[in-house]
Amino acid sequence: MHWLAEGLSGLVDLLLPLHCAGCRRAGTAWCADCARELGGLHRVARPLLGPQPPVYALGRYRGAARRAVLAYKEAGQRHLAAPLAEHLVTGLRVITALHGFDRSWWLVPAPSRAIAARRRGGAHMTRIAHRAAAALTASGWPTAVADCLVTASTAADQAGLDTVERVANLSGRVLARTGRFPPRGAQIVLVDDVITTAATAASSLAVLAAVGSGAAAVLSLTATADCDERVDPDAPNGRGNSCPPPHVPGG
Ligand SMILES: [Zn+2]
């Protein structure tokens with residue numbers, strides 16, 4: 001019934017008057033003002049993340065950006081996949097330039113719980129990743145998607161859990177999907193919608209590294225406000241303001 005849900009969702013999108021997912025302005029799904037909320041690049045630092053690979057978010061998980069992510073992910077507004085994918089593409093181009101990466105990527109969507117994916121009519125980051133890959137490939141950056149990670153059904157919803165609980169919840173529960181990994185030597189970026197404690201990203205990176213497919217970077221649409229560094233691509237070293245070292249709970 002997946003095709004039916006997709007079709008009905010598309011039909012509803014056509015019938016309902018369009019409003020911006022960020023500010024409710026009529027006539028557009030995602031207005032230019034709200035798009036600025038996902039138009040930056042923040043280097044994300046969390047106690048669970050090592051210095052490599054670099055982890056970035058396009059915006060803060062608040063205001064218009066948070067509303068758009070939730071509208072897409074939880075309220076079934078699938079037409080937002082297009083603008084959200086555009087933001088990912090823009091961010092990936094900047095990261096590629098900053099680090100001198102190859103213009104050829106494998107996008108690995110952060111895993112969803114199977115039950116949540118079914119409720120949402122498909123893995124939400126996978127849909128965005130395919131759109132982003134198509135746009136990059138069309139512009140001469142050969143890019144593919146490897147939907148190779150899944151969260152075990154025993155993992156609880158991460159919402160409402162603190163850092164320690166999230167790590168315990170996910171430990172060993174991000175699983176590899178055999179036969180779906182990118183080829184060896186592929187340049188991989190893990191793509192996600194929101195980084196909070198980074199428990200999902202850290203577990204995903206560990207699984208990728210364990211199978212010999214280490215990621216070159218992580219790119220998330222949003223990250224909860226923490227002491228992250230805003231990157232100014234025009235600065236000599238690509239850095240903006242500096243932050244004190246991240247606070248380690250209990251440390
Ligand atoms: Zn708006």
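Is Asp33 buried, exposed or partly exposed? Let us work up to that and a few related exercises.

This is a predicted model, in which local features need pLDDT of at least 70 and side-chain atom pairs count only at pLDDT 80 or more, while totals for chains, interfaces and linings use all residues. Residues are numbered from 1 along each chain as its sequence is written, and side-chain values use heavy atoms, with hydrogens and water left out.

**Exercise 1. Classify Asp33 by its accessibility.**

Step 1: Recall the classes: buried is under 20% relative accessible area, exposed is over 50%, and partly exposed is in between (1.4 Å probe, protein chains only).

Step 2: Asp33 has 37% relative accessibility, so this residue counts as partly exposed.

**Exercise 2. Find the salt-bridge partners of Asp33 and describe their setting.**

Step 1: Start with the criterion, a side-chain nitrogen of Lys or Arg within 4 Å of a carboxyl oxygen of Asp or Glu. Across the whole structure, the search gives four salt bridges.

Step 2: Arg25 is one partner of Asp33, with 3.0 Å between the closest N and O atoms. Arg36 also bridges to Asp33, and here the closest N and O atoms are 2.6 Å apart.

Step 3: Put together, Arg25, Asp33 and Arg36 make up a network of salt bridges.

Step 4: Arg25 is partly exposed at 41%, whereas Arg36 is exposed at 59%.

**Exercise 3. Work out which parts of the chain the salt bridge between Asp193 and Lys73 ties together.**

Step 1: Check the contact: the side chains of Asp193 and Lys73 meet at 2.9 Å, N to O.

Step 2: Asp193 belongs to strand β7 (residues 188-195) and Lys73 to helix α3 (residues 63-73), so the bridge joins parts 120 residues apart in sequence. Helices (H or I, at least four residues) and strands (E, at least two) are DSSP runs, numbered from the N terminus.

Step 3: Look at burial. Asp193 is buried at 4%, and Lys73 counts as buried at 16%.

**Exercise 4. Describe the geometry of the one aromatic pair.**

Step 1: Rings of Phe, Tyr and Trp (its six-membered ring) pair if their centres lie within 6.5 Å; planes under 30 degrees apart are stacked, over 60 edge-to-face, and the rest tilted.

Step 2: The structure holds one such pair. Phe101 and Trp105 form it, with centres 5.2 Å apart and 80° between the planes, which is edge-to-face.

Step 3: Finish with accessibility: Phe101 is buried at 19%, and Trp105 is buried at 0%.
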